[in-house]
Amino acid sequence: MLHTGRVLVNTRGNADMHDLTPQAEHIVAESGVHAGTATLFTPSSTSALTTIEYEPGALDDLRRALDEIAPAGRDYLHDRKWGDGNGHAHLRAALLGPSLTIPIIDGQLALGTWQQVLFIDFDVRPRRREVIVQLVGEEA
C-alpha cells in the first residue's frame, strides 16, 4: 500500500523550527498503514528535516552549532552569483538533508521517547513550505 500526505508550514525563516511529529502521526493514523516506512521530504534547497528532542535548549544548541558551521554574513559564492543572501541557508540544508525515513510499527511512528520530527527553514525570509509524507507498508 502507498499513501501520500502533505504538511503545510508557514515559517519565519532564519532557522525557524517546527515540530511536525503530530502532523506525521496523524497522516500515519489516517492511512491505516500498520507496518512499513514513512518518508518525509521537503522539496526545498533551504530547508531540512531531522529528529531531535524538541525542547528549547536542544533547539538553541542546534542553531548555535549551525551558526558556527555555516554562519550568515560570510562571503558565499552563491550570494555573489544570486545576491539573495541565503548561501548559508543552502549549506545548512545540505548538511542536514531534505528527507527523513521512520519505521512504522503497529501503526505508530517508531520514534524514541524524546525524539520528535524537526523541520527547519533556513531561508532569510518567511516562506510557505510543504513537506511530503509518503507511507509504504501493509494495512492492519
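In strand 8, the residue bridged to T39 is Q134. T4 also faces Q134 of strand 8. Strands here, like helices, are DSSP runs numbered from the N terminus (E, at least two residues, for strands; H or I, at least four, for helices). The model is predicted, so local features need pLDDT of at least 70 and side-chain atom pairs count only at pLDDT 80 or more, while totals for chains, interfaces and linings use all residues. Residues are numbered from 1 along each chain as its sequence is written, and side-chain values use heavy atoms, with hydrogens and water left out.

Strand 8 (residues 127-139) pairs with strand 1 over ten bridges, in the antiparallel sense; two strands pair if DSSP finds at least two bridges between them. Eight bridges link strand 3 and strand 8, again antiparallel. Strand 3 also pairs antiparallel with strand 5, over six bridges, and F41 stands opposite S99 of strand 5.

Together, five strands make an open antiparallel sheet in the order 1-8-3-5-6. Strand 1 (2-11) and strand 6 (108-109) each have a single partner strand, so one side of each edge is left without a neighbour in the sheet.

Helix 1 (residues 21-31) lies across strands 1, 3, 5, 6 and 8, and runs at about 155° to strand 1. Contact means heavy atoms within 4.5 Å. Axes are lines fitted to C-alpha atoms, for helices over the stretch in contact, and angles run from 0 to 180 degrees between N-to-C directions.

A further open sheet has three strands in the order 2-7-4, paired antiparallel. Strand 2 (16-19) and strand 4 (47-52) are its edges, each pairing on one side only.
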